[in-house]
Amino acid sequence: MSFPTTNERQDDPVPQKRGWRGLIDAYRPYLPVTDSTPIVTLYEGNTPLIPVPSIAAEIGKKVEVFVKYDGLNPTGSFKDRGMTMAITKAKEEGAKAVICASTGNTSAAAAAYAKRGGLRAFVVIPDGYVALGKLAQALVYGAEVLAIRGNFDKALDIVREMGEHYPVTVVNSINPYRLEGQKTAAFEVVEDLGNAPDWLCIPVGNAGNITAYWMGFCQYHQLGKCDRLPKMMGFQAAGSAPIIAGHPIEHPETVATAIRIGNPANWQKALAVGEASQGEFNPVTDEEILHAYRLLGREGVFCEPASAASVAGLLKVKDRVPTGATIVCVLTGNGLKDPDSAIEHSETQLRQGIEPDLEAVAQVMGF
Ligand code: AN7
């Protein structure tokens, strides 16, 4: 029996995306590749847009809220979208090694795609501030992991210089191919909704993703695939909110280590997106982030704390949501990335030390 990869018959109920072979394959006309480009893919993209009615109910007026669950990508974050493009182009250009600075997700994606493409992967991370799952991934995928005694911003400074002086390709979001790949998430949102949403809520660290989503919406708008553009609502962790402060933060802090970034690489681009989309940048506290994180968990959606910033932000500015609006919150990373935060910040009690017999278990259950 052969595995069906296309809709061969009109009456075949197999959904079209059954034959999905990654986002470069799906969006080839809109991406900088040719027929001879050696595509490096793990079949990323095509992630679900999930309605979250309990979050919509919190807004207090009639709205529709969806989450774009990009934590379901092959390495568990949206970074895979950018990395399939960046590694594909690095390989095409003959690179032998890539390097990135990372709060964790970029390093996991860079490692996976680089090794799959046969390249060396160097990742520079802030020692002690990368969630456990992300660190595990970089090691298993076979990256050369360098933990520095400094934060992400310091790591990115070093990586930028490495790229200038040594034969390594930088795959942080200063690499323009990253944004090209990441813009495909906006394409998918438009395809799923049949139009652009009214609002797009998104966590902001280096501000690559907010820039990429805007690129994607604008491109689809120009092609007539949507007849409006969303208001781009960016959210930073309050302890790491340089764009809102208007100056770099030397010692950024937040439970959302993925966005513990004090000097965003795409700062100016983010400001331009905010202006062009009549959007806003707002801070969310760790407490607000963790509240949203738990609300999502109770919808069956497990994201990492940084991702919950998008939902925390929506709840924070809910008074400004227009009635009848369609809102998409981007969930950038999978909750399994950061099991320590999950266990530490869950309000659900783990009941331990129970005697292994029926009566004892029933009693604890309240029967
Ligand atoms: C889960 O991995 O910067 O605003 O080095 O991992 O595009 O930077 C991660 C960023 C949001 C912010 N959510 O996106 C890295 C890194 C998650 C993230 C962001 C990140 P950008």
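Helices here are DSSP runs (H or I) of at least four residues, numbered from the N terminus. The model shown in these views is predicted.

**View 1. Helix 12 and the glycine that follows.** Helix 12 is made up of 13 residues, 286-298. After helix 12 comes glycine 300, with a positive phi near 85°.

**View 2. Buried residues of helix 12.** The buried residues of helix 12 are Ile289, Leu290, Ala292, Tyr293, Arg294, Leu295 and Leu296. Arg294 is one of these buried residues.

View 3. The structure holds seven aromatic pairs. In the pair of tyrosine 213 and phenylalanine 217, the ring centres are 6.1 Å apart and the planes meet at 40°, so the pair is tilted; planes under 30 degrees apart would count as stacked and those over 60 as edge-to-face. Both residues belong to helix 9 (residues 208-222), where being four residues apart separates them by about one helical turn. An α-helix has 3.6 residues a turn, so residues three or four places apart point the same way. Tyrosine 213 has 0% relative accessibility and therefore counts as buried. Phenylalanine 217 is buried too, its relative accessible area being 0%.

**View 4. A cluster of aromatic rings.** Trp20, Tyr27, Tyr30, Phe187 and Tyr220 are linked into a cluster by ring pairs.

**View 5. A charge over a ring.** Arginine 260 places its charged end over the ring of tyrosine 129. The distance from that charged end to the ring centre is 3.5 Å.

Key:
Residues numbered from 1 in each chain as written. Predicted model: local features only at pLDDT ≥ 70, side-chain atom pairs only at ≥ 80, totals over all residues. Heavy atoms only, no water. Helix = DSSP H or I, 4+ residues; strand = E, 2+ residues; numbered from the N terminus. Expected span 1.5 Å × (residues − 1). Buried < 20%, exposed > 50% of the residue type's maximum accessible area, 1.4 Å probe, protein only. Phe/Tyr/Trp six-rings, centres within 6.5 Å; stacked < 30°, edge-to-face > 60°. Lys NZ or Arg CZ within 6 Å of the ring centre and 35° of its normal.
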